[in-house]
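The entries follow the order in which I consulted it.

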Amino acid sequence: MKNKKTIFLGITHGWHARMLLRTSFIDNLKKGNDYNIVVLSENADEVEFQREFGNDLIYKKISNQGGFLWTFTNHIRRNLSLDSRLTKTIKLRIEATKSSRPISYIIIKILNKLFSISLLAVKLVRALDHILFPDKNYKSIFKEFEPDLLVISSVVHNQGYYLLRCASSLGVKSLFIVESWDNPTCKVNFFDYPNKYIVWNEFNRQELAYYCNIDENDIMLTGSSYHDIYARKESFCSKEEFVKRYGLNINKKIIIIAATMHELYPE
């Protein structure tokens, strides 16, 4: 272990497994056998999880922290401006909570008003957040492996939030990979700042810099690893294989209806 650098991969959501473990990202990381790669995930102890991603990775199970208080305040935290700018999307989301979460709505409106007129208010809320939600579970894992880098893709999810908090408190370098095109305008609000960032495109770079107050020199543009497969035509199956797989009629035209989950967008 001591002869190689150690990288922590925070797989705190299924999307992150898809992006970091089911793409060329992990293959490139494994090249040359230069790193100890430790996968931190709630699913890390599952046999199928380990079987899919191979025995050349180290797996460590992690769980949520903070309890009900963290969960309640996370909705508020996601809609605060702090030292960033509120996007139109977040403003609409805040107004949508006026009837469904009236207490949260009032707190969010008051805090954002305070942040707009007082830098001290920002510092106090950030300090209070660190006091209320210190890492209690992950420090032992960091001390066990002594990582050189933490890679995460979300601070919205509990585990990613606490992994970054732990890394920041211990002085471990961190890399934030934006998981989707909409994250800089919808899901990114930092109470602890990573050291470097990776985004899909120039639009994301500008959004992250403008809305989240990130230095553009710390933002790297790589494209989306999710979509690498679509650039390789050799990975496509033939139409004959496709219709056979789904029991379709090859003589008929195919229409795809691309929808999403009902609980998210019932309309």
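**Entry 1: L82.** I looked up L82 and recorded it as buried, because its relative accessibility is 4%; buried means under 20% relative accessible area, exposed over 50% and partly exposed in between, with a 1.4 Å probe and protein chains only. L82 is found in the loop between α4 and α5 (88–100). I noted a phi near 45° for L82, a positive value in a residue other than glycine. Helices here are DSSP runs of H or I with at least four residues, strands are runs of E with at least two, and both are numbered from the N terminus.

**Entry 2: basis of the values.** I am working from a predicted model, in which local features need pLDDT of at least 70 and side-chain atom pairs count only at pLDDT 80 or more, while totals for chains, interfaces and linings use all residues. Residues are numbered from 1 along each chain as its sequence is written, and side-chain values use heavy atoms, with hydrogens and water left out.

**Entry 3: E146, for comparison.** Is E146 buried or exposed? I recorded E146 as exposed, with a relative accessible area of 60%. E146 is found in the loop between α8 (139–145) and β4, and its phi, near 50°, is a positive value in a residue other than glycine.

**Entry 4: R126.** I then turned to R126, which lies in helix α7 and is buried, with a relative accessible area of 16%. Which residues is R126 in contact with, leaving aside its neighbours within four places in sequence? I listed L82, D83, F190, F191 and Y193; contact means heavy atoms within 4.5 Å. F190 is 64 residues from R126 along the chain, and their C-alpha atoms are separated by 9.6 Å.

**Entry 5: helix α6 and its partners.** I examined helix α6 (residues 102–117) against helix α4 (residues 67–77), and found them packed at an angle of about 50° with their axes 9 Å apart. Axes are lines fitted to C-alpha atoms, for helices over the stretch in contact, and angles run from 0 to 180 degrees between N-to-C directions. The pair α4 and α6 is therefore oblique; angles under 35 degrees count as roughly parallel, over 145 as roughly antiparallel, 65 to 115 as roughly perpendicular and the rest as oblique. At this packing F72, H75 and I76 in α4 meet I103, S104, I107, I108 and L111 in α6.

The axes of α6 and helix α7 (residues 119–132) come within 5 Å and cross at roughly 130°, so this pair is oblique as well. I noted that L111, L114, F115 and I117 in α6 meet L119, A121, V122 and V125 in α7.

Entry 6: In what order do the seven strands of the open sheet stand? I read the order as β3-β2-β1-β4-β5-β6-β7, with parallel pairing; two strands pair if DSSP finds at least two bridges between them. β3 and β7 (219–221) stand at the edges with a single partner strand each, so one side of each is left without a neighbour in the sheet. Neighbouring strands of this sheet are turned by 25° against each other on average, direction ignored.

Helix α1 (residues 14–21) packs on the sheet, touching β1, β2, β4 and β5, and its direction makes about 140° with that of β1. Helix α9 (residues 158–170) also packs on the sheet and touches β1, β2, β4 and β5; its direction makes about 160° with that of β4.

**Entry 7: strand pairs.** I checked strand β1 (residues 5–11) first, and it pairs with β2 in the parallel sense over seven bridges. Within this pair, T6 has N36 as its bridge partner in β2, and G10 stands opposite L40. Three bridges join β1 to β4, which run parallel, and I7 has L149 in β4 as its bridge partner. Six of the seven residues of β1 are buried, so this strand is largely enclosed by the rest of the structure.

Strand β2 (residues 35–41) likewise has six of its seven residues buried, so it is largely enclosed by the rest of the structure. β2 pairs with strand β3 (residues 58–61) in the parallel sense over four bridges, and S41 stands opposite K61 in β3. Finally, I noted that strand β4 (residues 149–152) runs parallel to strand β5 (residues 173–177), joined by four bridges, with I152 opposite F176 in β5.
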